[in-house]
Amino acid sequence: MKRFAALLLLLSLATYVANAQALPRRPYVGIGLQGINDSLQRRYKLPNKNGIFVRDVRAQSSALAAGLQPHDIIVQVDKHELGPEVGPFVSLLKQYRTGDKSTFTVLRDGKKLRKQVVFTAFPQEKSALYEAQYSSVQVGGNQLRTIITKPKGSKQQKFPMVLFIQGVGCFSVDNPLSPAESTNRIIDSLSRHGYATMRVDKTGMGDSKGIPCLESDFQTEANGYKAGLASIQKLDFVDQQNIFITGFSIGGIMAPLVAEGQPVKGVVVYGTASRNFIEYALQNKRNQAQLQQLPYDSITNLMKTYTAALHLLLTEKQTPAQVLAKYPNAKPLISFPQHYTYMQQWQEVNLAAAWKKLNTRVLALRGAADYISYNEDHQLIVDIVNREHPGQATFQLLPNVDHGFVKAKDQQESMRLADAANPERNFEFMNVILRWLDSQRQVQG
């Protein structure tokens, strides 16, 4: 995935319980920012690199209302002087709640200015296609934001429902200011076709409160989706006979665990895995190394180190520090988008057993240009389900699309486009999903 030099600050400042306490909307600071580098220091004739550079200021934001401008340099928040790192600044702002006030001291054209920031609430979703309802579920000590959508312009009293389960990593699925974002386009497609939907934000992301996402684990995340599914069963506008799950990437690994023992009419997975993490990761690492055209002897050495490091981390349950003490060159190999315990728990899950228990219809989809998932995993899901319940599962390989829905003819092109600013997307997969969902609604039992 592309790593942006600037971090868009859309901050979240902030067992199942049936009636969770109302979860407040997070403040919307609304600035694109980065730390001060050598170039910025020279350009603005700064005495040092302390401060945060404002790349842009977003509409409807607290920063815009306070009068912050692009190219301002934030040097102090209330009494806290800022250093050169973005992280501490972000952590500092997380202490504020909607309605709080703060004084930002900024450098503009060589002069110090003080701007009072009143932290206003993050905008809510507005759509011509659906009504959005913001609610929450409680899972242990974590209160998770749920976003429920109900189609507009229909005389139906009951709607089929899709629980959307996102991929791996710490990001929010609550992005009302980015209508072209992939999750929003998926929700739009489902809504246009008459489906209600639910998303569940991960702990510490968006409005969700609880342990930081990067400290969370696999089971905690799965329990959040289970709580979301349980709350769907209490919604009076949902057709309880037609509840579906769509799981994208690692969401497809979560899907059979969330659906177990629940009245789910069908499950769609896209670009997922069905093997334990080590088995999947080894294939993935070799494939990507070959796509990068690394020398084959280097790939062999790489795989030796990776195999050994994964064994210590995931089978022996050592910490990353213990692994690196023995294999210091393995640091980039065991750096994951979630806490290492998250990956350890994936390794422990018997996904074949989870799919075997699931007596529902399944559609497994994969983009032919996807270099992050593999046919073997999708076909294995189908084989497991169909051995227990013949004819209930189907695998379909989709042309000209990759893991992130970018239009690409093959894995090589997908990898080349990984750092492209605005690659063309291919959302034909949604037509495939919608046709399948419609067909399953006609199936009795």
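Helices (H or I, at least four residues) and strands (E, at least two) are DSSP runs, numbered from the N terminus. The expected span of a helix is 1.5 Å times one less than its number of residues.

The exercises below concern a predicted model, in which local features need pLDDT of at least 70, side-chain atom pairs count only at pLDDT 80 or more, and totals for chains, interfaces and linings use all residues. Residues are numbered from 1 along each chain as its sequence is written, and side-chain values use heavy atoms, with hydrogens and water left out.

**Exercise 1. Helix H8**

Task: Compare the reach of helix H8 with its expected span, and state what covers its buried residues.

Solution.
- Step 1. Helix H8 comprises residues 296-315, which is 20 residues.
- Step 2. From the first C-alpha to the last, H8 reaches 27 Å, close to the 28 Å expected at 1.5 Å a residue.
- Step 3. Buried means under 20% relative accessible area, exposed means over 50%, and partly exposed lies in between (1.4 Å probe, protein chains only). The buried residues of H8 are Ile299, Met303, Tyr306, Ala309, Leu310, Leu312, Leu313 and Leu314.
- Step 4. The cover over these buried residues includes helix H7 (277-291), helix H9 (320-326) and helix H10 (340-348), where contact means heavy atoms within 4.5 Å.
- Step 5. After H8 comes Lys317, with a positive phi near 60°.

**Exercise 2. Positive phi in loops**

Task: Locate Gln60 and Asp78, and decide whether each is buried, partly exposed or exposed.

Solution.
- Step 1. Most residues other than glycine have a negative phi.
- Step 2. Gln60 is not a glycine, yet its phi is positive, about 65°. This residue is in the loop between strand S4 (52-57) and helix H2 (62-66).
- Step 3. With a relative accessible area of 55%, Gln60 is exposed.
- Step 4. Asp78 also has a positive phi, near 50°, and lies in the loop between strand S5 (73-77) and strand S6 (80-81).
- Step 5. With a relative accessible area of 30%, Asp78 is partly exposed.

**Exercise 3. Salt bridges**

Task: Describe the salt bridges Arg58 to Asp56, Lys357 to Glu260 and Arg275 to Asp377.

Solution.
- Step 1. Side chains of opposite charge can pair when their charged atoms come close. A salt bridge is a side-chain nitrogen of Lys or Arg within 4 Å of a carboxyl oxygen of Asp or Glu; the structure holds 17 of them.
- Step 2. Arg58 and Asp56 meet at 2.5 Å, N to O. Arg58 is partly exposed at 32% relative accessibility, and Asp56 is partly exposed at 23%.
- Step 3. Lys357 and Glu260 meet at 3.3 Å, N to O. Lys357 lies in helix H11 (residues 351-357) and Glu260 in the loop between helix H6 (251-259) and strand S14 (266-270), so the pair ties together parts that are 97 residues apart in sequence. Lys357 is exposed at 57% relative accessible area, whereas Glu260 is partly exposed at 38%.
- Step 4. Arg275 and Asp377 meet at 2.7 Å, N to O. This pair links distant parts of the chain, 102 residues apart: Arg275 is in the loop between S14 and H7, and Asp377 is in helix H12 (residues 375-388). Both Arg275 and Asp377 are buried.
- Step 5. A network of salt bridges links Arg25, Arg26, Arg145, Asp174 and Asp207.

**Exercise 4. Gly271**

Task: Place Gly271 in the chain and list what it touches.

Solution.
- Step 1. Gly271 is in the loop between S14 and H7, and it is buried, with a relative accessible area of 3%.
- Step 2. Gly367 is 96 residues from Gly271 in sequence, but the two are 7.0 Å apart in space, C-alpha to C-alpha.
- Step 3. Not counting residues up to four places away in sequence, Gly271 touches Ser249, Leu365, Arg366, Asp370, Ser373, His378 and His403.

**Exercise 5. The largest nonpolar core**

Task: Identify the residues of the largest nonpolar core that touch the most other members.

Solution.
- Step 1. A nonpolar core is a set of buried Ala, Val, Leu, Ile, Met, Phe, Trp, Tyr and Cys residues joined through side-chain atoms within 4.5 Å.
- Step 2. The largest such core has 64 residues, and Met161, Leu163, Ile245, Val267, Phe277, Trp346 and Trp355 touch the most other members.
- Step 3. Apart from this core lies another, of 23 residues, including Phe244, Tyr270, Leu365 and Met430.
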